[in-house]
Structures are given as C-alpha cells and as structure tokens.
Amino acid sequence: MSQPADWLYFETQAQNKGLRFILGVDEAGRGPLAGPVVAAAVCLRHYDFNNSINDSKKMTAKAREAAFHEIFEKAYVGIGIINEKAIDMVNILNASHLAMEMAVKELVHRLPHEIASHAHFCQQVMLLIDGNIFRSPLPYHYQTIINGDGKSLSIACASIIAKVYRDRLLLVYDKVFPQYGFAKHKGYPTQAHRLAIKKHGTSMIHRKSFQGSKKGTV
C-alpha cells in the first residue's frame, strides 16, 4: 500500500539535506494515572505497507496489531520504558523525553555495526519527534512536529509501536491487579478507573504524583 506523498514530506525534507537515517519518535502513556510511559523510535527501511498506517489513536486495536508486526519487518525499531516511580520523581514530560532517548539509543544499537560505527553517522541522523518540545543530550539533528503522528509516516509507525507495546504491558498488569480494569482503560483516568481507585486505593503501578491517584498502596 503506497503512502501519499505528503505523508513523507518531513522524511523527504530531511533526506534532501543529506540526512540518511530518519527516525520517527513518539510515546504512549503520558496521560494515564497508572503504568509506564513507553516510547518508540522507528527507522523505516521500506515505505510501502500492506497494512494501513495512521496515527495510532485513529486505528482499531486489531489494525494496530497487524501494523505492529509489519513495521518490525520493515524497519529498525527501538523501545524505551520509564516506570511510574521514575515518572513521579522527574515528572511526565522529562520521563517522556528519557523514554524517547532510550528508544533512540536502542534503535542505534540494533543497526548494523558498519552503519552505526561510521565516522559521520551522528551527522547523518535526523530524529522526527512528535510534539512541540524535546530535550536530550543525544548527538543527532532533530525536529519537533506538533501532531506528527498524523503528518509523518515514521512518527505514525513509532506511535503504533509505542501504543501496542504499552497496551500489552497493561494487559499483564490487569492480571496482577484485576480490581482496576487495566485491560479496558489501560490506566487512563476513566470514571471506572477513578471509582476503582476510590474503592481499593492505589496499586504499586499508580503514579502517585498524578491528580486522581490517591495515597496508599494495595
């Protein structure tokens, strides 16, 4: 399935500047009351997909899962995870940036050695970051793009990877803490989730610094 030309606008723009390695970077889980924030970095090796690729929030769970597997087949992927305790310590914005940094580092580690070890590799990398701000000591060019997961194929792929990976983690947590309904709301502040916190208190994976999470653990 070919992608529309404007879906690759930012990738093409970077390539026209001589940047060879374009990494889309996005996160999932900034808003939940519980669980980690997960970031993904994706460097596409192919731009044609059999599955539909879009902003992960606009896709069904089934469509995301199908795309998730194809992205791994057609891209280098890195994932970064910052848990709820670290989020409470450094705040969610900084935690998101740390997760993104971890995802980029893991992706670079997965690149063939002859690529990542090249003398000019750092000067040939462009990070396309979803959002309006990014802070990191990473030695790469980067561009922040507001609503980038709906404007860049690379970022959209990263949003899918991050979303699916985080959702899978919350399905595991649902088995550990079944009283909260994590399988349904994935930690987001739904009415059902707030009522569960009111009834049971907070669990080990709740973010204590977030409004809506009460003190105490179960």
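Author: Let's start with the lining of the second largest pocket: its residues divide into eight nonpolar, two polar and two charged. Here Ala, Val, Leu, Ile, Met, Phe, Trp, Tyr, Cys and Pro count as nonpolar, Asp, Glu, Lys and Arg as charged, and the others, Gly among them, as polar. This is a predicted model, where local features need pLDDT of at least 70 and side-chain atom pairs count only at pLDDT 80 or more, while totals for chains, interfaces and linings use all residues. Residues are numbered from 1 along each chain as its sequence is written, and side-chain values use heavy atoms, leaving out hydrogens and water.

Reader: What is the volume of the second largest pocket, and which residues line it?

Author: Rolling a probe the size of a water molecule over the atoms shows where empty space is left. In practice, on a 1 Å grid over the protein atoms alone, a pocket is an open set of points where a 1.4 Å probe fits, with protein on both sides within 12 Å along at least five of seven lines; lining residues have an atom within 4 Å of a point. Grid points are joined across faces, edges and corners, and a volume is the space filled by probe spheres set on the points. The second largest pocket comes out at about 180 Å³, and its lining includes Q15, R20, F21, Y76 and I115. Strand 1 and strand 2 (37-44) each give two or more residues to that lining; strands (E, at least two residues) and helices (H or I, at least four) are DSSP runs numbered from the N terminus.

Reader: And which residues lie nearest the centre of the largest pocket?

Author: Those are D26, E27, K57, D130 and D149, out of 24 lining residues. The largest pocket holds about 440 Å³ of space, and its lining splits into seven nonpolar, nine polar and eight charged residues.

Reader: On to the sheet: in what order do the strands sit?

Author: Strands of a sheet pair through backbone hydrogen bonds, either parallel or antiparallel. Five strands make an open sheet here, ordered 3-2-1-4-5 with mixed pairing; two strands pair if DSSP finds at least two bridges between them. At the edges are strand 3 (75-82) and strand 5 (141-145), each pairing on one side only. Strand 1 runs parallel to strand 4, with five bridges, and antiparallel to strand 2, again with five bridges. Strand 2 and strand 3 are antiparallel and joined by eight bridges. For landmarks, V25 has I129 as its bridge partner in strand 4, E27 stands opposite A39 in strand 2, and V38 stands opposite I81 in strand 3.

Reader: Last one: which residues have a positive phi despite not being glycine?

Author: Most residues other than glycine have a negative phi, and most peptide bonds are trans. N147 has phi near 55° and lies in the loop between strand 5 and helix 6. K186 also has phi near 55°, in the loop between helix 7 (182-185) and helix 8 (191-200).

Reader: Are those two buried or exposed?

Author: N147 counts as exposed because its relative accessibility is 52%. K186 is buried, at a relative accessible area of 14%.

Note on methods:
Buried means under 20% relative accessible area, exposed over 50%, partly exposed in between (1.4 Å probe, protein chains only).
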